[in-house]
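Hi,

Here is the structure I promised to pass on. Have a look, and then read on for my notes.

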Amino acid sequence: MSLSFANSIAAQSRARALVPLCAGAGTYLFFLYVGDTLLQDSDSFWQIKIGQWILDHGALPYTDFYSFTRTGASWISTSWLSQVLFAFSYAQWDWAGPVMLTAIGMALTAAVFVYLLDAQIEAPRAVLFAMLALLLSIHHVLARPHILALPVMVAWVGLLMSAADRRAAPSWTWLPLIALWANLHGGFVLGLALIGPISLEAVEHAEKGQRLSLFVRWVLFGIAALVASCGTPYGWRTLMGATNILGLGELLTLIFEWMPANFASFTAFEGALLGLIALGYYRGLTLSAPRIFLILFLTWSALTHVRSIEAFAFLVPLVLAKPLGEMFPRQQPDAAGADRWPARYVTVTGALMILAASWTTTALYMNHHRFTFTMTQTPVAAADLLEKLGAKRIFNAYQFGGYLISRDIPVYIDGRAELYGEKFVIDFFKATEGKKPELLPRLLEESKIDATILVADAPGPQILDQLKGWKRIYADDIAVVHVRENADGAAAAVPPK
């Protein structure tokens, strides 16, 4: 082998090794730059609050102590590790901490994704798929636990697909991944569910005499993964807690991230579906039955709940990686080991330079930019007034629950829908959104409400304006506050001067 050829091989090796790192660094810097858009969901408040409670008490919650409507009810936090990480980062760097942590989660996702795809397809195509996946997922990139679990999801499914592509059983050394996922976020049940169809892909293409033994090894791995997913402080209760949200029925159509996809206007997800169909027709893409099932399942999930679009975006390319690699083969010179050690040194040096550049950019950016939570989720002035009034039982808007929890104000409701149950939350939405306004007086009386804090542009405040016994005492562009009236028509409580 000539020296020039060996150098060419080494250069290709270095370039391929650095591509995932560059993809991750670029993703990190992008989400750092748009960091304020990551702070748009009030669930981030209560996630951080619970994480701080865990750090302060060295224990995990088993009952609710943030609402007055469900105080003492059984509730576990299936995202406790993510909550601790967010709380720690917030304590260290204020809102810049959760922003950086979220950006790191997305960076790791992109890097792992490109690394896995690069084993089957050319690096430029892998990077293109990563960019498309990020575009599809951007609506749900928020400072919340599911982002920290995203790189684990991609790694888990990618490794399983890799084993299936090799017609082999997965390694038991991968089981810590599902255990980590179970501690980070309840979405780990998806990782368990995908073991079955991926195992069928491996078994279908195995040699006839090896199919039974391979199938048994996959079954044993699936059982071990189920056991490993219970490797959390809650044990087997983690499985129960993670699946509770799926039993909320009609309620899932009222919460935005659980709503079905809406094609009333053209979206990136709609474009991705059309592109996937076009690719199949144009290139005559032929897939096995298990791969078809996987793609249909992930597509159905994304159509059913918009929060599943990121799973579709990152996992469908992993399912298609091998067929696409066979369709677009790349040249691989037979000298992969040439100049290996110098290539490794250069790769490590390049990786360190990328990390140093990312950290320097972070420090420079944070010196002149202060991350702030979106104002529509933080009714600061209205909450200040309620504290001055001394109101104890406050009927709050769903999206204000997280912020009120962060201020140690007991809430009527918040983003933990599985805690409150389907009927409770549906009645709340129907009463406050004008679909069934006659429910509102009953809810206020049943819970002995002192005051209300509702979204300014929602029907709820207008209903209360017409409701006998209630008086509007404050309003701004974010929230409206009502309190009970005395017999003479005056507000039952007036803020002290």
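Which residues form one aromatic cluster? The members are Phe 68, Phe 395, Tyr 398, Tyr 412, Tyr 420, Phe 424, Phe 428 and Phe 429. Please keep in mind that this is a predicted model. Its average pLDDT is 87, and 90% of the residues reach at least 70.

The whole structure holds 25 aromatic pairs. In one of them, Trp 53 and Phe 65 are tilted, at 4.9 Å centre to centre with 35 degrees between the planes. This pair links distant parts of the chain, with Trp 53 in helix α2 and Phe 65 in the loop between α2 and α3, twelve residues apart. Phe 65 is partly exposed, at a relative accessible area of 37%.

The charged end of Arg 70 sits over the ring of Phe 424, 4.5 Å from its centre. Likewise, the charged end of Arg 416 sits over the ring of Trp 75, at 4.9 Å from the centre.

Finally, helix α14 (residues 309-327) has 16 of its 19 residues buried, so the rest of the structure largely encloses it. There is a kink of about 50 degrees at Ala 321, shortly before Pro 323.

Best wishes

How values were computed: Residues are numbered from 1 along each chain as its sequence is written. This is a predicted model: local features need pLDDT of at least 70, side-chain atom pairs count only at pLDDT 80 or more; totals for chains, interfaces and linings use all residues. Side-chain values use heavy atoms; hydrogens and water are left out. pLDDT is the predictor's confidence in each residue, from 0 to 100. The bend at a residue is the angle between axes fitted to the seven residues ending there and the seven starting there. Helices (H or I, at least four residues) and strands (E, at least two) are DSSP runs, numbered from the N terminus. Buried means under 20% relative accessible area, exposed over 50%, partly exposed in between (1.4 Å probe, protein chains only). Rings of Phe, Tyr and Trp (its six-membered ring) pair if their centres lie within 6.5 Å; planes under 30 degrees apart count as stacked, over 60 as edge-to-face and the rest as tilted. A charge sits over a ring if NZ of Lys or CZ of Arg is within 6 Å of the ring centre and within 35 degrees of the ring normal.
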